[in-house]
Amino acid sequence: MPIETFIVYQKAFDFFVWQKSVVKHLAKIHKYSLGVHIENEALALLKNIIVANMARAGKAKEIERCLVSLEILKILFRAGYELNREGGINLKQYEASSEKLVELGNLCGGWFKKFQTS
């Protein structure tokens with residue numbers, strides 16, 4: 001299946017593009033630390049989805065990496081929200097990130113269950 005038609009990839013790509021606008025508005029003190037980590041992890045998520053989609057064997061293990069990236073992104077956005085008074089992530093951005101990451105988590109979780117061996 002072409003990766004561009006894969007819903008998990010589409011949602012992750014949309015998240016990657018969206019997070020750029022959030023990072024762009026971070027205060028300088030956070031943009032080059034927290035912002036870089038958010039961008040790198042969002043990109044890692046995209047890469048992990050591509051690798052998991054292409055994997056012939058061990059697909060569940062590759063999907064687990066996607067789930068780890070999602071958890072890291074949740075923590076990074078939470079940290080950004082906690083730093084809001086110092087130019088971090090505002091409530092609206094935090095709520096939007098939470099919704100997007102939960103949706104991606106549900107999609108990846110379902111995908112994981114499909115390939116998980118008992």
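Residues are classed here as buried when their relative accessible area is under 20%, as exposed when it is over 50%, and as partly exposed in between (1.4 Å probe, protein chains only). The structure is a predicted model, in which local features need pLDDT of at least 70 and side-chain atom pairs count only at pLDDT 80 or more, while totals for chains, interfaces and linings use all residues. Residues are numbered from 1 along each chain as its sequence is written, and side-chain values use heavy atoms, with hydrogens and water left out.

Helices are DSSP runs (H or I, at least four residues; strands are runs of E of at least two), numbered from the N terminus. In helix H1, the buried residues are Val8, Tyr9, Ala12, Phe15, Phe16, Gln19, Val22 and Val23. Seen down the axis of H1, these buried residues fall within an arc of 130°, so they line one face of the helix; the arc is that of the directions from the helix axis to the C-beta atoms. Contact is taken as heavy atoms within 4.5 Å, and the cover over the buried residues of H1 includes helix H2 (28-31), H3, H4 and H5.

With a relative accessible area of 46%, Val17 is partly exposed. Its C-alpha atom is separated by 9.1 Å from that of Ala42, which is 25 residues apart from Val17 along the chain.

Helix H3 was examined in the same manner. Its 21 residues should span 30 Å, and its end C-alpha atoms are 30 Å apart, in agreement. Buried positions in H3 are Leu34, Gly35, Ile38, Glu41, Ala42, Leu45, Leu46, Asn48, Ile49, Ala52 and Asn53. These residues cover an arc of only 160° around the axis, which puts them on the same side of H3. The face turned away from that buried side carries the exposed residues Lys47 and Met54. Packing against the buried residues of H3 involves H1, H2, H4 and H5.

Two packed helices are described by the angle between their axes and the distance between the axes. Axes are lines fitted to C-alpha atoms, for helices over the stretch in contact, and angles run from 0 to 180 degrees between N-to-C directions. H1 and H3 pack at an angle of about 170°, with their axes 10 Å apart. This angle makes H1 roughly antiparallel to H3, given that angles under 35 degrees count as roughly parallel, over 145 as roughly antiparallel, 65 to 115 as roughly perpendicular and the rest as oblique. On the H1 side, the contact is made by Val8, Tyr9, Ala12, Phe13, Phe15, Phe16, Gln19, Lys20 and Val23. On the H3 side, the contributing residues are Gly35, Ile38, Glu39, Ala42, Leu43, Leu45, Leu46, Ile49 and Ile50.

Helix H4 (residues 59-82) has 24 residues that should span 34 Å, and its end C-alpha atoms are 35 Å apart, which agrees. Its buried residues are Lys59, Ala60, Glu62, Ile63, Cys66, Ser69, Leu70, Leu73, Leu76, Phe77 and Gly80. They pack against helix H1 (7-24), helix H3 (34-54) and helix H5 (91-115). Glu62, in helix H4, counts as buried at 17% relative accessibility. Not counting residues up to four places away in sequence, Glu62 touches Asn48, Val51, Ala52 and Ala55.

In helix H5, Ser97 is buried, with a relative accessible area of 1%. Ser97 touches Trp18 and Phe77, again not counting residues up to four places away in sequence. By contrast, Tyr32 is found in the loop between H2 and H3 and counts as exposed at 60% relative accessibility. The C-alpha atoms of Tyr32 and Ala60, 28 residues apart along the chain, are separated by 33 Å.

Cysteine pairing was also examined. A disulfide is a pair of cysteine sulfur atoms within 2.5 Å, and a search of the whole structure finds zero disulfides. Cys66 has its closest cysteine sulfur in Cys108, at 5.0 Å, too far for a bond. Cys66 is buried at 0% relative accessibility, and Cys108 is likewise buried, with a relative accessible area of 0%.

Technical notes
Expected span 1.5 Å × (residues − 1).
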